[in-house]
Amino acid sequence: MSEKPGEVSVNLNVNLPTLPEVAHEPRYATGLGYGLWCACLLGACGIHRFYLGKVGTGLLWFFTVGLFGFGQLIDLIRMKTLVRDANIREGYVPHPRQLARARARMATGEPEPRPTPPLNLHQQLLHAAMERDGELTVSQGVLATGKTFEQVEKALNGMSDKGYVDVDNAPGTGVLVYRFPDLLTRPRSG
């Protein structure tokens, strides 16, 4: 595009939501599914289920002659759905609901939601201390985070070394209590 004298061009970069990406072309084909279904006529009932990754029901179909023919007949009617579900399960095509949400976001111009990152250990300990009026023991930290005693104690001692946490003994029990001065809601005893 050429500019004429006196004209100004403006480039605008806009982040639009994207449709869920497809990893590859679909792996499973409906035509092959129907072809393998027909193998039941030659005595190989359930081979289409093996092809679609359903080994357990493939064995069931094989040993019961396609659930006495009823399961085989139902699979004939549902073959397209079986193939689509196998492709979704393996990640070759996006789920229809996921695709519909992405299309709706694109139509409204709504940005794609960003997943919230998981909290790190220090943040988990801060949340646990906040729930306990700004005080936390190692055992409470282990219960709140699911980490080991060593991991929690190392994190709390590191926070103490940097001056974020005060360490004291609980009156009566002598248990080490880590106090977060910024989070204390009641006056400190001692």
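View 1. Arg97, Arg101, Arg103, Ala107 and Thr108 are exposed on one side of helix 6, where exposed denotes over 50% relative accessible area, buried under 20%, and partly exposed the range in between (1.4 Å probe, protein chains only). The model is a predicted one, in which local features need pLDDT of at least 70 and side-chain atom pairs count only at pLDDT 80 or more, whereas totals for chains, interfaces and linings use all residues. Residues are numbered from 1 along each chain as its sequence is written, and side-chain values use heavy atoms, with hydrogens and water left out. Leu99, Ala102 and Arg105 of helix 6 are buried. These three residues cover an arc of only 125° around the axis, which puts them on the same side of helix 6; the arc is taken from the directions from the helix axis to the C-beta atoms. Helices (H or I, at least four residues) and strands (E, at least two) are DSSP runs, numbered from the N terminus.

**View 2. The length and end of helix 6.** The 13 residues of helix 6 (residues 96–108) should span 18 Å at 1.5 Å a residue, which agrees with the 18 Å between its end C-alpha atoms. The expected span is 1.5 Å times one less than the number of residues. Just after helix 6, glycine 109 adopts a positive phi of about 80°.

View 3. An open sheet is formed by 3 strands in the order 1-3-2, with antiparallel pairing; two strands count as paired if DSSP finds at least two bridges between them. Strand 1 (135–136) and strand 2 (166–169) stand at the edges with a single partner strand each, so one side of each has no neighbour in the sheet. Strand 1 pairs with strand 3 (residues 176–179) over 2 bridges, and leucine 136 has tyrosine 178 as its bridge partner in strand 3. Strand 2 and strand 3 pair over 4 bridges, with asparagine 169 opposite leucine 176. The hairpin of strand 2 and strand 3 has 6 residues between the strands, and glycine 172 in its turn has a positive phi of about 95°.

View 4. Val138, Gly141, Val142 and Thr145 of helix 8 are buried. Seen down the helix axis, the buried residues fall within an arc of 100°, so they line one face of helix 8. Their cover includes helix 7, strand 1, helix 9 and strand 3. Valine 138 is in contact (heavy atoms within 4.5 Å) with Phe149, Val152, Glu153, Leu156 and Tyr178, neighbours within four places in sequence being left aside. The largest nonpolar core has 14 residues, of which Leu125, Leu136, Val138, Val152, Leu156, Met159 and Phe180 touch the most other members. Helix 7 (121–131), helix 8 (138–145) and helix 9 (149–161) each give two or more residues to this core. A nonpolar core is a set of buried Ala, Val, Leu, Ile, Met, Phe, Trp, Tyr and Cys residues joined through side-chain atoms within 4.5 Å. A second, separate core of 8 residues includes Tyr28, Trp37, Met79 and Val83.

View 5. Glutamine 72 belongs to helix 5 (residues 70–89) and is buried, with a relative accessible area of 4%. Not counting residues up to four places away in sequence, glutamine 72 touches Trp37, Cys40, Cys45, Gly46, His48, Trp61 and Gly66.
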